[in-house]
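User: I have a structure open and want to go through it piece by piece. Can you take my questions as they come?
Analyst: Go ahead.

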Amino acid sequence: MRYISTRGEAPALSFEEVVLTGMASDGGLYVPETIPTLSQAELEAMAGLSYAEIAFRVMKPFVGGEIDDATFQHLVEDAYATFSHEAVVPLNQLSSNHFLLELFHGPTLAFKDVALQLLGRILDHFLAKRGERAVIMGATSGDTGSAAIEGCRHCDNLDIFILHPHNRVSEVQRRQMTSVLADNVFNIAIEGDFDDAQAMVKASFADQGFLNGTRLVAVNSINWARIMAQVVYYVASAVALGAPRREVSFCVPSANFGNVFAGYVAHRMGLPVKQFVVATNANDILHRTLADNDFSKQALKATLAPSMDIVVSSNFERLLFEAYDRDGDAVRDLLERFQHEPAVLAEAPLARLREKFVSHSVDDDTILEVIRDAHGRTKEVLDPHTATGYRAAERVRADISTPMITLATAHPAKFADAVIKAGFESVPLPAHMTDLLEREERYTVLPAELEAVQAFVAEQRR
Ligand SMILES: *Cc1c(COP(=O)(O)O)cnc(C)c1O
């Protein structure tokens, strides 16, 4: 399997290269040269299989033989054995024909574990094969760093450095990162804010001289392997509800669009999907684009669903590439314009998107109302991200006869502040995490200075 850039100029890469590379050299994102298909019979044969077995079958064509089957099967089984639910991603019926797909049973209680548990293992496999080591750097405002750390903690050939703003991360979220005491995990508390941390990570990727030739790898959602891993749960949940003979719809709390793009890939592979509902918080660029053709940046708003606080949706470019019939020049023109001024999509691509995608934006007051309302009706406590999805699904679904699967992207205990604000007394952590607040922590406080951070990384990496 070859991978090509959405901007049409970077060289085509193999799966191994694309996993190690991240962003394409022309500024674009890598996508498969052709999207593989699953036949009706192949989908039917998945009914009743374990999640790991479905995962192996769905992802195999993307790996394209670059990892032998037995090894890949082992990596997949190992990745999903870390989940605390036997079904890995169980479906929970909320009301007539509305289901929650619980993606939060991984080590850090949010859906990013699904992709990062596997990505860490795939990276480690390729690095071992090449006899190389790599460094991962990332910045987090608290919610997503732990998933990257948990995904890499057992990787012999990776050292991971995650920067978070000192004293500006909730205790649960900090401890989810700092209580991982593995030798290859380095938490850096920056004396500054998230933007300072993010800027230093970006600068380190732009000029990697401080690592003396060691590869720096990005594990953010532009990495193709993350999309690939997320395709699986769309297939698995739809099959559980009767696909391919029965069509389903999905509602996805969205920010960088990696998650819902994976659903689109599942559909293109042959999964019958009637509708994708894109739910946003008040940072609504996706909703403005799909509903009003207003493809423009707006100032960042801090919301109760912080993992969806974005200005630009990085992975939307991958969908634009498909909407523009894989015309890399058109995508590059559009995105270059968008960098500097409000842009609009051309008529035909927009019409194509609207055939499958609808959207809805949910503000903070509504998130609180939805958490209360959903609990009243279903006894489920939703996390604030899932709440945007629940509301969007109910508001804009095309019909009631098609099963709607809303993706539950986080466990409510991970975002307890919002749930308490909605009127709940407390949200207990799941049983295997009740001792989190007593666990030993390890982190290093550093000033918000690039030289200090880079010197620390260069010195500590193994
Ligand atoms: C990352 C995240 C999202 C947004 O996912 P995208 O792939 O960026 O669209 C939604 N909810 C939670 C809890 C997240 O961590």
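User: Which feature does UniProt place at Lys112?
Analyst: The UniProt record, an unreviewed entry, gives "modified residue: N6-(pyridoxal phosphate)lysine" at Lys112. Keep in mind that the model itself is predicted.

User: Which helix does Lys112 lie in?
Analyst: Lys112 belongs to helix α5, which covers residues 112-130.

User: Does Lys112 count as buried or exposed, and why?
Analyst: Lys112 counts as buried because its relative accessibility is 18%, and the cut-off for buried is under 20%.

User: OK, the ligand. Which residues come nearest?
Analyst: There are 14 residues around the ligand, and those that come nearest are Lys112, Ala255, Asn256, Asn259 and Thr409.

User: What is the make-up of that shell by class?
Analyst: The shell around the ligand has six nonpolar residues, seven polar ones and one charged.

User: Which backbone atom lies 2.8 Å from an oxygen atom of the ligand?
Analyst: That is a polar backbone atom of Ala255. Phe257 also has a backbone N or O atom by a ligand oxygen, at 3.0 Å. For Asn259, a backbone N or O atom likewise lies 3.0 Å from an oxygen atom of the ligand.

User: And how much of the ligand does the protein bury?
Analyst: The protein buries 96% of the 390 Å² that the ligand exposes when taken alone.

User: Switching to strands. How many residues of β13 are buried?
Analyst: Five of five: β13 spans residues 404-408 and is mostly covered.

User: Which residues are on each side?
Analyst: Met404, Thr406 and Ala408 are on one side of β13, with Ile405 and Leu407 on the other. Every one of these residues is buried, and both faces of the strand are covered.

User: How many bridges join β5 to β13?
Analyst: Five, and the two strands run parallel; β5 is residues 98-102. Within that pairing, Leu101 stands opposite Leu407 of β13.

User: What about β10?
Analyst: Strand β10, residues 248-253, also pairs with β13 in the parallel sense, over three bridges. There, Cys251 stands opposite Thr406. Thr406 is one of the buried residues of β13.

User: Now the start of the chain. What does UniProt list for residues 2-80?
Analyst: The record, again an unreviewed entry, lists "domain: Threonine synthase N-terminal" for residues 2-80. In the model, that span is 47% helix and 11% strand, and its end C-alpha atoms lie 26 Å apart.

User: In what order do the strands go in the sheet with β1?
Analyst: The order is β2-β1-β3, an open sheet of three strands with antiparallel pairing. Its edge strands are β2 (13-14) and β3 (30-32), each pairing on one side only.

User: How many bridges join β1 to β2?
Analyst: Two bridges join β1, residues 2-5, to β2, and these strands run antiparallel. Arg2 has Ser14 of β2 as its bridge partner.

User: Last one, Glu347. Buried or exposed?
Analyst: Glu347 is exposed, because its relative accessible area is 74% and the cut-off for exposed is over 50%. Glu347 lies in helix α14, which covers residues 347-356.

User: And how far is Glu347 from Asn293?
Analyst: In space, 9.2 Å from C-alpha to C-alpha; in sequence, Glu347 and Asn293 are 54 residues apart.

Notes:
Residues are numbered from 1 along each chain as its sequence is written. This is a predicted model: local features need pLDDT of at least 70, side-chain atom pairs count only at pLDDT 80 or more; totals for chains, interfaces and linings use all residues. Side-chain values use heavy atoms; hydrogens and water are left out. A residue is near a molecule or strand if one of its heavy atoms lies within 4 Å of it. A polar contact is a pair of N or O atoms within 3.5 Å; within protein, one must be able to donate a hydrogen and the other to accept it, and residues adjacent in sequence count only if both atoms are side-chain atoms. Accessible areas come from the Shrake-Rupley method with a 1.4 Å probe; for residues, only the protein chains shown count as cover. Ala, Val, Leu, Ile, Met, Phe, Trp, Tyr, Cys and Pro count as nonpolar, Asp, Glu, Lys and Arg as charged, and the others, Gly among them, as polar. Buried means under 20% relative accessible area, exposed over 50%, partly exposed in between (1.4 Å probe, protein chains only). Helices (H or I, at least four residues) and strands (E, at least two) are DSSP runs, numbered from the N terminus. Two strands pair if DSSP finds at least two bridges between them. UniProt positions are given in the numbering used here, feature names are shortened, and annotations may be inferred rather than shown by experiment.
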